[in-house]
Amino acid sequence: MAQLKITQVKGLVGAKQNQKDTMRTLGLRKIGQSTVREDTSVVRGMIRTVAHLVDVEEVD
């Protein structure tokens, strides 16, 4: 299965609580921090919630 590298590019000041919770669930706390996750529908839904705060790229 494919992997997604998710990098936080914007801060959470002023973000809604559900967006903050989603970022924490993805394992992101600081700008510039990255995490690698499996490409599943659950992760895609979380990315959609915080799409304006993260950069996503596919890795092999």
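Modeller: In this structure α2 lies across β1, β2 and β3 and runs at about 25° to β1. Helices (H or I, at least four residues) and strands (E, at least two) are DSSP runs, numbered from the N terminus; axes are lines fitted to C-alpha atoms, for helices over the stretch in contact, with angles from 0 to 180 degrees between N-to-C directions. This is a predicted model, in which local features need pLDDT of at least 70 and side-chain atom pairs count only at pLDDT 80 or more, while totals for chains, interfaces and linings use all residues. Residues are numbered from 1 along each chain as its sequence is written, and side-chain values use heavy atoms, leaving out hydrogens and water.

Biologist: In what order do the strands of the open sheet lie?

Modeller: Two strands pair if DSSP finds at least two bridges between them. Here the 3 strands follow the order β2-β1-β3, with antiparallel pairing. β2 (34-38) and β3 (54-59) are at the edges with a single partner strand each, so one side of each has no neighbour in the sheet.

Biologist: How many bridges join β1 to β3?

Modeller: There are 6; in one of them, Leu 4 has Glu 58 of β3 as its bridge partner.

Biologist: Which residues make up the largest nonpolar core?

Modeller: Such a core is a set of buried (under 20% relative accessible area, 1.4 Å probe, protein chains only) Ala, Val, Leu, Ile, Met, Phe, Trp, Tyr and Cys residues joined through side-chain atoms within 4.5 Å. The largest has 11 residues, including Leu 4, Val 43 and Ile 47. α2 gives the most to this core, with 3 residues.

Note on methods: Buried means under 20% relative accessible area, exposed over 50%, partly exposed in between (1.4 Å probe, protein chains only). Contact means heavy atoms within 4.5 Å.
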